[in-house]
Amino acid sequence: MDAVVVGAGISGLTSALALRERGWRVRIVSDRPPAASTSFLAAAVWFPTRAGPRDRVLDWGARTYTELAEQARAGVPGILMRESLMLYREPPDEPWWAPAVGGVRAAEPAELPPGYAHGLRFTVPLAEMPRYLPWLLERFESGGGQLEYRRLSSLAELASEAPVLVNCSGLGARALVGDLSVVPVRGQIVRVANPGLRLSVRDEEHPGGRAYVHPREHDCILGGTLEEGSWDDRVDPATSRAILDRCRDLVPALDGVQVLEHIVGLRPARPSVRLELDTGGTDRGGTDHGAGAPAQRVIHNYGHGGSGITLSWGCAEEVALLATGS
């Protein structure tokens, strides 16, 4: 085995694929299947959320945008390009991430819902994760990749299994490498039937809280919350009602729509994404194989906050470069 990747969410799967498609023999080790990961629950629209530093996020995000747009053109299951409308009550500046999406334009008055005077239009990828993650896993396994379910208490348990170890453990990094800067950012969303919508709409500064409506093929994801430090994965009915109310402000066509599911996920965030080659020794996961043996190359790729899909392929490409020493 050339590399072991810890974690089977979006970061783990894309990192494993980036290595596998360079001819590496790769095994993913995870305590749960992709369908049980936080990634599976995500709204998964390209949009940098709770991730830094800004310059690296812009670079990773731009590379991911290019890859997902190409996948959408190729008909990859679950990947769509969605026209998007971002709403404002005051004239907006151009967003810092605009270069990654090829720019934005001002919305026309006729494109704005009641109560809004300003908006920006742009196009971004959307990933239907219940379709996309299984496709990624099938692509990985059909190319010879292996997936093993195992619960780890330390990265040191994998010290002798491959010369390269990639840590994509998300919130698990708190325990696996003792990184207490990793915190959950609780997100609650509502999944509803799609009444025929094709335009994604969001208001990051709605008086009632963040609001977004992301239509998929047969349903819509309505959100949502960014609750820093909350480990509560239970659905709060009052929060669901508030999400529905403010999303109807954005898209009146949602009035009376059928509610399909209430969902809570815990995003893995830290002050900045940790994507680096670990040089800290055994206490930080940089294990040694013994006298005369080369140290295992340990690469960390976690802490993406609410930007897992947005940064996924850009970060995976960098993982592959670090793994090969390029």
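Biologist: How many bridges join β9 to strand β10 (residues 211-215)?

Modeller: This is a predicted model, in which local features need pLDDT of at least 70 and side-chain atom pairs count only at pLDDT 80 or more, whereas totals for chains, interfaces and linings use all residues. Residues are numbered from 1 along each chain as its sequence is written, and side-chain values use heavy atoms, with hydrogens and water left out. Strands are DSSP runs (E, at least two residues), numbered from the N terminus, and two of them pair if DSSP finds at least two bridges between them. β9 and β10 run antiparallel, and the number of bridges joining them is 3.

Biologist: Which residue stands opposite Ser-200 in β9?

Modeller: Strand β3 (residues 79-88) runs parallel to β9, with 3 bridges between them. On the β10 side, Val-201 has Val-213 as its bridge partner. Opposite Ser-200 stands Ser-84.

Biologist: Are the residues on the two faces of strand β9 (residues 200-203) buried or exposed?

Modeller: Buried means under 20% relative accessible area, exposed over 50%, and partly exposed in between (1.4 Å probe, protein chains only). Ser-200 and Arg-202 lie on one side, Val-201 and Asp-203 on the other, and all four are buried.
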